[in-house]
Amino acid sequence: NEGIILIAATNRPDVLDPALLRPGRFDRQVVVPNPDVNGREKILRVHMKDVPLASDVVVKTIARGTPGFSGADLANLVNEAALMAARKDRRMVTHRDFEDAKDKVMMGAERKSMAMNEEERRLTAYHEGGERKSMAMNEEERRLTAYHEGGHAIVAMNVKMADPVHKATIVPRGQALGMVMQLPEGDRYSMKYQQMVDRIAIMAGGRVAEELIFGKENITSGASSDIQQASKLARRMVTQWGFSDILGTVAYGENEQEVFLGHSVARSQNVSEETARIIDSEVKRIVGAGWDEARQILTDKAADLETLAQALLEYETLSGQEIKDLLEKGLAPNRDESNFPNAGPSVSVPITPVSDGVTVEPATVH
């Protein structure tokens with residue numbers, strides 16, 4: 001019957017039988033990617049409509065902080081936030097609950113055994129599963145982590161082109177002892193050269209801060225991921241994006257070996273040995289320039305680094321606005337839980353302006 005339309009959906013178009021994709025079969029293919037920031041905001045509002053929200057919840061900020069999340073991921077985020085509020089015996093879900101839920105979804109649950117008070121540190125040696133079984137978060141580790149993350153944040157706030165700092169924390173999650181999170185103003189599909197070199201400087205900020213504060217002999221392995229990411233970005237700048245004057249705007253592949261059962265059976269030679277040496281030299285130059293910029297910033301802003309590190313040691317987690325208020329106005333963060341009421345009517349989806357200038361009317365939960 002010509003009136004029948006057949007529709008199919010898949011998450012793996014790469015493994016479909018080519019016979020299905022020939023003309024006359026499925027004639028039209030509609031790609032449905034993960035939602036952009038505006039789509040995430042609208043999806044969040046749908047899942048939040050039956051959740052009592054505190055007045056401090058800003059849906060647009062949550063949407064900005066969840067790039068790459070699908071609709072199911074966002075639904076899970078709202079559920080996790082509601083569970084966190086329930087565990088604290090609150091009748092409404094606060095923005096802090098959403099931030100904690102997002103951290104749990106993206107990085108794993110807090111490692112409570114490593115967030116210890118002074119008495120616990122003196123009495124007990126806690127051990128962690130996985131690769132860090134022998135590592136207990138003692139006072140020295142906390143200080144190192146605080147200055148490391150403080151270095152990332154200070155550099156991020158002082159380079160020319162960087163996304164705003166959204167949060168800094170020394171609460172261990174997953175395999176990370178702490179982190180600094182930046183939020184772009186909107187979804188980004190390309191990067192400028194200045195943004196790339198500034199990103200490398202930000203990655204260098206942690207190791208450089210450790211070196212300046214504790215000395216070269218006391219730096220830790222905590223910058224392993226930073227070094228790996230900075231090197232990978234610099235190599236792509238040189239070999240894929242044409243940001244080297246010496247090598248020019250030419251794409252260079254890697255020399256690769258095909259491995260079978262642990263034995264090398266074939267070698268693909270894509271660049272000459274001389275070119276490979278030049279690539280390595282250019283990567284080292286770009287990464288080294290980032291390290292030098294981070295060192296200059298942290299030397300000039302040594303007082304800010306000290307202030308931020310001490311605040312992280314005291315409060316453990318600081319929002320971007322709290323960091324800004326602390327460094328610019330000397331205002332300490334407010335950690336009074338009584339700011340969040342436990343009962344009463346609330347706005348289910350707070351009013352925030354949308355791109356076309358129309359405001360979304362809230363629904364009230366009684």
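Which residues in H7 meet which residues in H9? The answer follows below, after a few words on the model.

## About the model

This is a predicted model, in which local features need pLDDT of at least 70, side-chain atom pairs count only at pLDDT 80 or more, and totals for chains, interfaces and linings use all residues. Residues are numbered from 1 along each chain as its sequence is written, and side-chain values use heavy atoms, with hydrogens and water left out.

Helices (H or I, at least four residues) and strands (E, at least two) are DSSP runs, numbered from the N terminus.

## Helices H7 and H9

Helix H7 covers residues 193-214 and helix H9 covers residues 273-300. They pack at an angle of about 60 degrees, with their axes 7 Å apart. Axes are lines fitted to C-alpha atoms, for helices over the stretch in contact; angles run from 0 to 180 degrees between N-to-C directions. H7 and H9 are therefore oblique to each other. Angles under 35 degrees count as roughly parallel, over 145 as roughly antiparallel, 65 to 115 as roughly perpendicular and the rest as oblique.

Now the opening question. On the H7 side are Val 197, Asp 198, Ile 200, Ala 201, Ala 204, Gly 205, Arg 207, Val 208, Ala 209, Glu 211 and Leu 212. They meet Ile 286, Val 287, Gly 290, Trp 291, Glu 293, Ala 294, Arg 295, Leu 298 and Thr 299 in H9. Contact means heavy atoms within 4.5 Å. By class, this contact of H7 with H9 has 12 nonpolar, 3 polar and 5 charged residues. Ala, Val, Leu, Ile, Met, Phe, Trp, Tyr, Cys and Pro count as nonpolar, Asp, Glu, Lys and Arg as charged, and the others, Gly among them, as polar.

## Other partners of H9

Helix H8 (residues 224-239) also packs with H9, at an angle of about 125 degrees and with the axes 9 Å apart. That makes H8 oblique to H9. Their crossing is right-handed. Among the H8 residues in the contact are Ile 227, Ala 230 and Met 237. Those on the H9 side include Ile 279, Val 283 and Trp 291. The contact of H8 with H9 has 10 nonpolar, 2 polar and 3 charged residues.

H6 packs with H9 at about 95 degrees, with axes 10 Å apart. H6 and H9 are therefore roughly perpendicular to each other. Gly 151, Ile 154 and Val 155 in H6 meet Ala 294, Ile 297 and Leu 298 in H9. This contact divides into 5 nonpolar residues, 1 polar and no charged.

## The sheet

An open sheet of 3 strands has the order E2-E1-E5, with antiparallel pairing. Two strands pair if DSSP finds at least two bridges between them. The edge strands are E2 (179-182) and E5 (317-319), each pairing on one side only. Strand E1 (residues 165-169) is joined to E5 by 3 bridges. Thr 169 has Thr 317 in E5 as its bridge partner.

Two helices pack on this sheet. Helix H6 (residues 139-156) touches E1 and E2, and its direction makes about 25 degrees with that of E2. Helix H11 (residues 320-329) touches E1 and E5, and its direction makes about 85 degrees with that of E5.

Conventions: Left-handed = near helix turned anticlockwise from the far one by under 90°.
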